[in-house]
Amino acid sequence: MAATAMFPLETVLFPHTPLALRVFEERYLKMLGAALESHEPSFGVVLIERGSEAGGGDTRFRTGTMARIVEVAATERDIELLVVGGERIEVSAWWTDEVYPTAEVHPISELTWDPALAPLRDEAEKHVRRVLTRAALTSGSRWDPNIEISDDPLEASWQLAAIAPLGPIDQLELLQATSLAGLLARIIDLTLEAEQILTATFDGGDDNDGPGLTA
C-alpha cells in the first residue's frame, strides 16, 4: 500500500465499527480535503501512545485500521465525520514530507470465521453486555448495553471488541489479534477483569460513585 494519510487518535478504531470524529486542525482539514478527492475516501487511524490529538508532537502505535468516510457535515467551526473501520493495517514507516501525518502501511491478514466458534462468540457477547450494563449504571458508558450488532459473526466479533468496556491499551491488544478464537477468548478475559475492577470499586465506595470505566 502506498503513502496513506493518517489520523492519530486517543481511541482505537475497530473493523466494522462506526466512529464519529470532529476535524478542526488545519493539517487534518487538508488531509480530509485530499481524502475526499479519491474514489473511496478513507484514511488510516492509529492509537496515540504519548501526546494528544491536537497540536502535533505525539508518538503513535503502529497497528491501526483504515477508516472509510461515510458521512461529512460542515459546521461554522469544524467538520464532523462518520467513519467505519475497514481493514487492519501496520505502519512500516512514517513520512515527514507532508503537512499532515502520512505513513507507509501494509494490510494485516483478515481473521476468518469458523462455525465452531459460535458458542465462544455467544459467550463473549453475554459477558460484554452484562458488564456494559453494570458500567452504564455506575459510571456511564459510550455504548448502550442493548446496542444492535451485525448478524455476520465475524463483523459481530469485532464489534464486541469495540463495545467492551475497556481502556485503549486493552483495545489495542484486541485489535492485534492473530486469530478469531484468540480475539473472542481475550474479549472474555479482559471483560471479566474489567468487571472485577468495576465491582471492587463500586462495592468499596459510595453507591453513587462508580469508577471511570468507559468503552
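**Cavity, cores and strand pairing in a predicted model**

By class, the residues lining the largest cavity comprise 7 nonpolar, 2 polar and 1 charged, where Ala, Val, Leu, Ile, Met, Phe, Trp, Tyr, Cys and Pro count as nonpolar, Asp, Glu, Lys and Arg as charged, and the others, Gly among them, as polar. The model is predicted: local features need pLDDT of at least 70 and side-chain atom pairs count only at pLDDT 80 or more, whereas totals for chains, interfaces and linings use all residues. Residues are numbered from 1 along each chain as its sequence is written, and side-chain values use heavy atoms, with hydrogens and water left out.

The structure holds 1 cavity of 30 Å³ or more. A cavity is a set of points, on a 1 Å grid over the protein atoms alone, where a 1.4 Å probe fits but cannot get out; lining residues have an atom within 4 Å of a point. Grid points are joined across faces, edges and corners, and the volume is the space filled by probe spheres set on the points. The largest cavity contains about 50 Å³ of space. Its lining consists of Val12, Leu13, Phe14, Thr17, Pro18, Leu19, Arg142, Trp143, Ala162 and Gln171.

The chain has 5 helices and 6 strands, taken as DSSP runs numbered from the N terminus (helices H or I, at least four residues; strands E, at least two). In order from the N terminus, the elements run β-β-α-β-β-β-β-α-α-α-α. Strands are treated as paired if DSSP finds at least two bridges between them. E1 (residues 3-9) pairs with E3 (residues 42-50) in the parallel sense over 4 bridges, and Phe7 stands opposite Val45 in E3. The pairing of E3 with E4 (residues 59-74) is antiparallel, over 7 bridges, with Arg50 opposite Thr59 in E4. E4 also pairs in the antiparallel sense with E5 (residues 79-95), over 10 bridges; here Ala73 stands opposite Glu80 in E5. E4 and E5 form a hairpin with 4 residues between them.

Of the 215 residues in the chain, 44% are buried (under 20% relative accessible area; exposed is over 50% and partly exposed in between, with a 1.4 Å probe and protein chains only). Within the largest nonpolar core, which has 30 residues, Phe14, Leu174, Leu183 and Ile187 touch the most other members. Helices H2 (118-138), H3 (153-163), H4 (168-175) and H5 (180-204) each supply at least two residues of this core. Apart from it lies another core, of 18 residues, among them Leu13, Val23, Tyr28 and Met31. A nonpolar core is a set of buried Ala, Val, Leu, Ile, Met, Phe, Trp, Tyr and Cys residues joined through side-chain atoms within 4.5 Å.

Not counting residues up to four places away in sequence, Phe14 touches Thr65, Gly85, Trp158, Ala161, Ala162, Gln171, Leu174 and Leu175, a contact being heavy atoms within 4.5 Å. Of the contacts in the chain with a separation of 6 or more, 66% are between residues 24 or more positions apart.

His16 is found in the loop between E1 and E2 (18-23). Although not a glycine, His16 has a positive phi of about 65°. His16 is partly exposed, with a relative accessible area of 28%.

Notes. On a 1 Å grid over the protein atoms alone, a cavity is a set of points where a 1.4 Å probe fits but cannot get out, and a pocket is an open set with protein on both sides within 12 Å along at least five of seven lines; lining residues have an atom within 4 Å of a point.
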